[in-house]
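Thanks for coming. Please have the sequence and the model open.

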Amino acid sequence: MDQLQNYLFIAAALFSLGLFAVITRRNAVAVLMGVELILNSANVNFLAFSRFGGMNFNGHVFALFVIIMAAVEAAVALAIIINLYNNYQSINVDEASQLKR
Amino acid sequence: MNIFIEYSLFIFFLPLAAFLINIFFGKRLPRQGDWVSIGAVLFTLALSMAMFAGMIFSYDPDFQVESSFTWINLGDFNIQLGFLVDNITITMLLVVALISSMSHIFSIKYMAGDPLYSRYYAYLSLFTFSMNGIVLSNNLMLLYMSWELVGLSSYLLIGFWFAKKSAADAGMKAFLTNRVGDIGFFIGIMLLFTAVGSVVYSDIFTSVADGNLAGTLLTMAGIGLFIGAMGKSSQFPLHIWLPDAMEGPTPVSALMHAATMVAAGVFMMVRLFPIMTPDALVFVAYIGGFTALFASTIAITQNDIKKVLAYSTVSQLGFMIMSVGTGAYVAAFFHLVTHAAFKANLFYGSGSVIHAMHHALHKKNDHETDPQDMRNMGGFKSRMPTTYRAMLVSTLAIAGVPFFSGFLSKDAILSGSLSFANHHPEHFLLPIFGFSAALLTAFYMFRLMYMTFHNEPRMPELIEEIHESPKEMTFPLVLLATLSFFIFYTLPYFNPFSDQGWFTYVIEAKTSLVHGAPSAHAIAEGIHHSHLPAMIISVLVAGLGFFLAWQMYLKRKLSAERYANKFSTLHRLSLNKFYVDELYARFIYTPVLKLADKIAFLDWDLYDKYVVDGFGKFTEWFADLIGKVDYDGLDQGIVDGTGRTANRLGDILRNLQTGRLQNYILFALFGVILIVIVQTMV
Amino acid sequence: MVSNILSWLIWLPVAGMVAILLIPRNKVEVIKIVAAVSTGLQLWLAIMLWLNFDSATGSFQFMENVAWIPSFNISYALGVDGLSLPMVILTPLLSFLCIFVSWKIDRGVKGYFALFLLLDTGMIGVFLALDFFLFFVFWEVMLLPMYFLIGMWGGPQREYAAIKFFLYTLVGSVLMLIAILSLYFTCGYTFSIPELIESAPSALDGSLWWGMSAIKVIWVLLFVGFAIKIPVFPFHTWLPLVHVEAPTAVSVILAGVLLKMGIYGILRINYPMLPDAVFWFAGALAVLGLINIIWGAMCALAQKDLKKLVAYSSINHMGFAMLGMAAVIAASGLHGENYIAAQAGITGAVFQMFNHGTISAMLFILVGVIYDRAHHRDIDGFGGLAKQMPVYAGVTMVAFMAGLGLPGLSGFISEFMCFMGAFPVFRVIVIISTLGIVLNAAYFLSAYKRIFFGELNEKYSGLSEIDGRELFTLIPLAVITLILGVYPGPFLNMIKETMSVLIDQVVLIGNFAVIP
Amino acid sequence: MSELLFWFMTAMTIGSALIVVLHSNLFYSALALVVTLFGVAAFYVFLWADFLAGVQVFIYIGGILILILFGIMLTNKISSVNISHSKFHQGIAAVIVMGIFSILGWMILKTPWLHIVQQEPSQTVGRIGRLLMTEYLLPFEVASVLLLSALIGAAMLSRKAN
Amino acid sequence: MNNLQSLSYYWPELLLVTIILTAVIYDLLTKPSESQRVGLLVFAGLILTLFANWFTSAERNITLFLDSLALDPFAQFFKTIIIFSTLFVILISRKSNELRNYRTGEYYTLIAIMVFGMFLMVSAIDLIMVYLSIEVVSISSFILAGYLKKDQRSNESSLKYVIYGAFSSGLMLFGLSILFGLTGTTKFFEIQNALAGLDTSSHFALIIASIFILAGFGYKISAVPFHFWTPDVYEGAPTPVTAYLSVAPKAAGFALAIRFFHVLFTDAGLLLDSGNGISTIPWPQVLAGISVATMTLGNLVAIQQSSVKRMLAYSSIAHAGYMLMAMPILSGNGVFAIMIYLVMYLFMNLGAFFVVIIVKNKTGGETFEDFRGLGWEMPIVGIVMALFMLSLTGIPPTAGFIGKFYLFAAVIKAGPAFYWLVFAGAVNSVISLYYYMHVVKVMFFEGESKKKLLFPSVLESTLIITLAVPTLLLGIYWTPIAEWITNSLRFYYQSI
C-alpha cells in the first residue's frame, strides 16, 4: 500500500462513517455532522489526488469551494432545523413524518 | 324468354308480393287482405296448371328449361341464381300450388276472427313463396335460401298462436332443428362449391360426371345435403320438431307438415339423386327405413288426432327417403305427390273434426277438454258425413289399399326396397322396415278412424253440438279425397295395380352420375321384378293392419288395454315417443345450456372480473385465501395476474415510502450498491 | 362535386362541434339540430362520394396529401378505396341516426353532442387516413369522446366500464404505436400507408429480431392492437361490459363502427404490409374466428340481459369476418391458387363488416327502445310483448333474423361468403364453426320467444308502441339490410376491385415459405 | 517519524470520527468532530496543502462547528439520550455502509492511480489565488451568489414571522 | 475564451444577477403587503433575460471563462425552457393562497437565484461548476420548499430536502473526487481525453465515480433510487414550488446529465456499438434499467395516492423515467426526444399543478375528493384539467403524445435490442392512464349538473388557457418546436 492509498482509505473510512451517521442519527444536527464528515472525506480525496497527481492545484480550488459549500449548507440547514424546532419542539428526523403515504 | 320461365317468375314473385302487401297494409285492406294472398295463390295454381298442361301435352321426359343470372360476381367467385323448369318442377309446383290453395281456402273459416288474421295470410304467402323457391331453383344457393325461408315461415306459422307457450316453443324447435340439418346442408354446399366452383345443379352434375368430385368427398357432400333433408323432412333423429309443430293452426299442419315443407327434403333428394354415391344412398336408405318404422310404432299409441297424423307423416316421409336410398327415387317422388294429396286431406279432415270439437266445447263452455284427443271423440260419422267420407278415402290411400293412389306409390317403394335387398342381401332390413311400417300404418290409420268416427260417442253430451264444417272447409276435403284415387296417376292407363302412367313416363328415372352406381335401367329392372311379390306382401300386411284395428277398436275382440299391459314397456316407450325429446333434453339441450352458462360464467365472472377487476380485490382475496380454495389456481394465477401484481407491487413500494428520511437514504445506498454490482457483473 | 371532399367529411363534424360549443347550454333544441344538420351534411357528402366513386379501380381515390410535419415525414394524407368506402358511408349514416337515437338525452346535452361529433370525426378519420401517423391520431381521438360518453352518460357501472374500455384500447394502441414506429424506421422512414405497402414486404424480409422474423413481431404488435378492437377472443371482455353500460347511441356506434376498425386495420395495414405473416398467421386467425363464433354464441345463449346478449352476438359475428379474412391464403400457390375462395372470403369479411354495422346498430337501437320504456333489459322480465307492441316485435324480428343470418337479409350473404371462402383451406375449422349457425339461431330465437311470446306480462300492458322517431332510426337500416340481402351486387361491385388488389398484394408479394 | 505521526493522526481522526458517529451525547459528538476536523487539517498539511489546512481550521472549526454547537444549544437538551436509531436499524446501516466501504476499498486497491512525483511547492496560496482569478473566476463569483442565497434564505427562515 | 472576453457573451446571466440584486434591494423598500411586486419585477427581468438569451449569438459552440461554461444552442434551449417555466410559476405563485400570508419578496428573489443556478447547470463543462451550480439550485430550493414557515408540512419537507440534498451532493462530490483522481482535471474536454486513454483496470473506479455522480444527477431528476425525497417534498412544499421543482430543475438536471454522459461515455455521440474501451462498460443497460425502474415505480405508487398533488409528484417521477428511456441511446434522436418531451411536459405539468392550486384555493384541499364534480361546476377548469391529464398520459392529439412519440421513436430506432424498454414504456403509459383518468372520472363522472357555473378569474383563465392551448396545439403541429430543437442540436454533435 502506498501513501496515496493510505489517504484514500482514510477518506473512504470518513466517508463511510459520515454515511453511517446520516443514516443512523435521529437528531438532525447529528445528521448534519455526518454530512460534514462526508464533505471532509471528499476533500481529503481531492488533496491526496492533488498531491500525488503532480501537485495539481485544481484539487485545492475544488476543496476550497467544498469548504465554502459546507458552510453554506450548514447555515441553511441549521436555519431550517431551528425553524422546524420552533414548530415541532423536536428535531428528531423520524418524528417529522407527517408526509408519508 | 321461355314461357315456362315467365310463368315461373310469376309463380315465384306473386306470393312474395302478397306477403309484402299483407304484412304492411293487410290490416287496412277490406277483409283484412285475405283475398290478396288467396288471389295470389290461386293465380299461381292456375299458372301451375297451365304449365302442367303444357307438360302433359308435350309429354317429353327430357323437357327442361333453365335460366340464370349472376347474382354475385367477384371476378372468380360467382354465384348464379336461376330457375330450372322440368317435369319434376312442374309436378311439384302443381302439388304445392294445389295444397297451398286448399290451405288458403280452408283457413278462411278456420282462422276467421283471429286478431292477426291478415298476418296469418301474409305468412302463408311467405311460405308459398319460399316453397316455390325451393321447387324452382336450379342451384344450391337459391335452394338453401328458400330452404331457410321455409324454416322461417314454418317458425312463424307454427308459433302463430304465440301467446301459447307450447306454440312458441314448437316454432322455435322447428326452426332450430331445421338449422341443425342446415349445417349438414351447408357443409354439403361448401364441399360441392369448393370442388366445382359453382352452385348450379347442371355444373355440379357435369363436374361429378367428369369425375372431378368422387369418392369419400362426394359421399360426404351427399350425406351433408341429406342431413339438410333430414331436418326438413323430419327424419330420425331430427324428427322431433314435426309432432310439436302440430301446435300451429291445422291448415298450416296440412300445408307444411304434410304436403309441402316436409316434402322439400324428399324433393331435394330427388333433384340431387344423380350425385348421390352408393355409400351415401345406403345411409339415406337406412335413415329413411328406420324412420318409417320408428315413427309408425309411435303413431299406434298416440291419442291426439294430429299427433297420430304427424307421426304418420314422419313415417311416410321415411318411406320416401328410403326409396331414394334404394335408388327408386321416382317412386319416392311419386309417393310424395300422392301422399301430399291424401295426407293433406287427412289433416284437413282432422282440422274439420277439431274445428267441430272446438265449437262444441266452446258452446258447452268446456275449456278443460282437449278437442284434439281422440278419446273424447267417437261416433262422429253421422254428424260429419263429408269429413268422414273424405278421410276414409285418404285412409284407404295411405294404408295402401288397391285402387287408391297410395297403393301405387307405396307399392313402388316397397318393391324398390325389396329389389335392393335382392341385390344386396346384407341390406335385408330395409324391406323389413318397409313392410312393418306398412302394416303399422294400416293399423294406426284405421285405429284413428274407428276412434273418431265409429262406435258410440265417448262424450255424448257433445255429440249434439258436432256439426259438419262449412263449405270453405269441406271443399278441399272433397277435392283432395278425389285426388286420392289411383286414376289420376295412372292415366292414360287404367290398371289399378301398376304405377305405370303419365307420371312414370314424364318423370323418368335418370342414371346416377356417380361412377360405379347402378344404372337407372338396372334399378327399374329390379323393381319390375320385385313388383309382384311386393304387391302381394303389401296388400297382405295392409289387410293385417286393418284387421287388427278392426278387431281391437271396432269389434273390441281384442283388448287394446290388455296388449298395452302385456307389453307395458314397449307401450310406454311408444306412448312417450321413445323418450327422444327427453333424451335430447337430457343429453343435448341441458348440457349445452349448462355449458353456455359455464362459459358465460367463465367469461364474465371469472375471466373478466379478474383481469382488470383485480385492483382492490386482491386484499380481500388474500384475507380469506385459506377458506377459499374453490377457484382453481390456474384461473386465479394467469388471468388475475396483471391487475393484482400491479397492485401488490404498488403496496410494497408505497411501504418503502415510509416518510422516514433515513430509510430513504438507506434504500438509496442500497440502490447504489445494487447498481455497482449490476454494472460490474454485467 | 365538392373538392377536398374527404377533408370535408372529416372536419364537418368538428365544425358542428365548435358551433355547439358556442351555443348556450340551455338552448337544447338548437344544439340537437346543429348536430343533426352537421351529420346530415356529412351523410350527404358520403353519398356524393359513393356516387362519384369509381369502382373499376382498386386503388385509392380522392387522394389528398399535404405535408404536415416534414421533419418526421408525416403528412396529412387521405384517400378512399373499396375497403374504406363502405365504412365511410356507414359511419355518417350511423352517426346521423344516432343523433336521433340520442334525442332524449336530457343531461349535459351540449357536452354530449359535442363529444359525439368529435367521435364522428375520429371514426371517419381512421377510415380515410392514408398516413399511418394520422391514422393513429384519429384512432386515439376517437377513444376520448368514447370514454366520456360512456363515463358520463352510461349506466350504473359506467365509470368502471369507461376506464376498462380506455385501458383495453390503450394497450392495443401503444402496441400499435410501437409497430408503426418500427415500420417507419425499417421501411424507408415513411408513414405513408401506400408507400409502406410498397416497401414494407421487401424491407422487412429477412431481418430477425430476437431470432424471430421482424415481420412476425410487427404483425403480432399490430394484430393485438386491432384484435382488442374487433374484439378477438381473449381480449373481448370489455365489450359486453361497455355495451351494457353505454348509452344506446354509443353502443350503436361502438358495435357499428368501432369494432370494424379492428378488421379494417388488419386488412388495411397487416395484410398488404406484412403478407408473409399472413400465411403464418392465417391458421391462428381462423382458429380465433372459430373461438369467437362458438364462444360468443355460447355466452350469448346464457345471457339474461338483452343488451349483453347483443354484445356477445357481436363477438360471434366478428368471428365470421375473421374466418373470411383468413381465407385469403387460399389464393396462394400453396393452396392451389384458389382465387374463388380468397375472393369470397375476404370480400365476405368486408361485407360482413358492413352488415354487422347495420344489423348490430338495429339491434342496439331496439334494445334502447325497450329499455327506455321498461327501464330494464332482463330478457325474462318481459313476455308476450308481441301483442302489446306488434310493430316493435316485427322490426325486432327482422333484426334478429338478420342477426341469425336468414337468407334474404344481408347478414346471410356475408356469413355465407366467409364460410365459402374459408372452407377450402380450413375445412375442419369451418365445419366446427357452422355450429355457430345453430347457436346463433338458438340465442336469438330463445330471446325473442322470452320477450315477445307467451302471455303478456301484465306489468307491461301499458307499454307504448315504438314511436315515429325511433322508427325513423330503424327503417333505413332495415331497408339496407333487406336490399343488400336480396341484391348485394352494387355493394360487392364497389369493393371487389380493391379486394382483388388486396389479394394480389398478399399472395403475389407474400412469400409463403416458412418464416422464422 | 512522519510515518509515525501519520498513523497517530490517522488513529486520532478515525477514532474521533467514530465518537462523532456513535456517541450518545450530542455535545460530545460535536467536540469529537473538532478533533476529527483537526486531524483532517493535519492530513492537509501532510498533503502539502497548508493554505487549505488553515482554511479548514478557520472556517470549519471556527465557523461551521460553532454554528453546529449553536444549533445543539438552541434545539436540544444536551443530555438527550436517544439521538440514534435502534440497534437493529444501526445494524442494517452498518451492513450497507460496510458494503460501500468494501467497494471503495476494492476500488482503491485495484485502480492504478496516477503517480506523478513532484517537489513540494514553495507556496500554495499564490497558486490558488492565481487559479481563482483566472480559471476559476466564474466559480468564485458564483460562490458569492450561493452565499447570497444562503444569506437570504437563512434570514428569511429565522426571521420572526411578520 | 478568457474571462474578460467571455463577459460579452454572458450578458443574459449578468442581467439576471442584476435582477437578483435589484430584487433584494427593491424588497427592502416595499411594504410586506406589496411584496408581490417583487414578483413582477423578476417577471419583467426574466422576460428581458429571455430576449437576451435569444439574441446572444450562438452561431457556434463557444466556451466561456476558460472552459468553465459552454455557450451553445443546446444550453440556450434549456435556458429558454427554464425561463418559460419560471415565468409561468411566478404567475401561478401570485394566484396561490398558500403564499398569501407570507412576505414573498425573498420568494421571488430565490426563484431568480435558482434560475441563475440552472443557467449554470445547463452550460457547465467544469466539475467545479457542476458542483456549484447544483448547489445553488439546491440551496434555493431547500428554502423555497420550506417557505411556509408556519406550516409544519412545509418545514418537514424542507428538512427532508436539505438532508437528502446534502447527502446526495456529498455522494456526488465523492464521485467527483474519484473522477478527478482518475483524470487529474476538472474540465470536461480534458476529462474526455483522459478517459479515452484510460487503462481498463481503472474502469471499476470510473464506474464507482460515475454511479456516485449519478446519485447527484439522479436526485435532481428524481430517478430511482434517488427519488425518495420527491413525493414528500413535493407534497409538503407550496404548490407553486412543487410545480416549479417538477419542471425546471428537472430540465436542468437532464441537460447536465446529457452533457456529462455525452462527454464522458460516448464516442461520437453514441453509447452503443463503439470499440472504445469506455463503451464496454454496460452503461446503456444500467441506464435503461434505471429508466424502467423509475417509471414503473412512479406509476405504480401514483395509482395509490389519494391526493392529487402527491399523485402528480409520483407521476413526475414516472415522467423522468420516460425521459430516461432515451438516455441509454445518447444519439441525436435520444437527446432530441428528451428535449421535445421537456417542452411538452412544461406546459402540461405546470397546467396540472395550476389546476391543483385553483382547486385548493376553492376548497382548501388537494385530494381527489376536492376534485369531485369539478367538471360540472367549473367546466373550463375541468375540461382543461382533463386535457392536461390526457396529455400526461400521452393520448393524441395532445402534446404529451408527441413527447412520448419521439421517445419511443428514438428507442425503436436504436434497434430491437431496446424493444424491451419501449415495451416497459408502453405498459407504463397504460398504467398511468388509470390514475390520470381517475382525476377525470372524479371531475366528470361524479357530481351533477349545476345550476350556476363557477369561472376562475380572468387572470387565472388566461393563464390556464395559455398553458392549455400549447398542450393541445403542440399535439397537432409541432414543427416549430422540432425545428428549434434541431437547431439547438446542430452543433452539439459536431463539437463535443
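Where in chain E does Ser222(E) lie? Ser222(E) sits in the loop between helix 9 (203-221) and helix 10 (229-236) of chain E. Helices here are DSSP runs of H or I of at least four residues, strands are runs of E of at least two, and both are numbered from the N terminus.

Some housekeeping. This is a predicted model, where local features need pLDDT of at least 70 and side-chain atom pairs count only at pLDDT 80 or more, while totals for chains, interfaces and linings use all residues. Residues are numbered from 1 along each chain as its sequence is written, and chains are lettered from A and ligands numbered from 1 in the order in which they are written.

Back to Ser222(E). Its phi is near 45 degrees, a positive value in a residue other than glycine. Most residues other than glycine have a negative phi, and most peptide bonds are trans. Ser222(E) is also buried, with 29 other C-beta atoms within 10 Å. Buried means that 20 or more other C-beta atoms lie within 10 Å of the residue's own; exposed means 12 or fewer, and partly exposed is in between, with C-beta atoms placed from the backbone.

Asp67(E) also has a positive phi, about 65 degrees, and is not a glycine. It is in the loop between strand 1 (62-64) and strand 2 (69-71) of chain E. Asp67(E) counts as partly exposed, because it has 18 C-beta neighbours inside 10 Å.

Now the cis peptide bonds. One joins Pro396(E) and Pro397(E), with omega about 0 degrees. Pro397(E) falls in the loop between helix 16 (379-393) and helix 17 (399-413) of chain E. Another cis bond joins Phe236(B) and Pro237(B), again with omega about 0 degrees. Pro237(B) is in the loop between helix 8 (215-232) and helix 9 (241-244) of chain B.

How many of the 15 residues of helix 17 of chain E are buried? The count is 14, so helix 17 is largely enclosed by the rest of the structure.

One more residue in chain E: Ile358(E), in helix 14 (residues 332-363). It counts as buried, with 25 C-beta neighbours inside 10 Å. Leaving out residues up to four places away in sequence, Ile358(E) touches Val381(E), Pro456(E) and Glu460(E). A contact means that the two C-beta atoms, placed from the backbone, lie within 7 Å. The C-alpha atoms of Ile358(E) and Ser96(E) are separated by 7.6 Å, and these residues are 262 apart along the chain.

Last, the whole chains. Chain E has 21 helices and two strands; chain C has 21 helices and four strands. Buried residues make up 70% of chain E. In chain C, 69% of the 516 residues count as buried.
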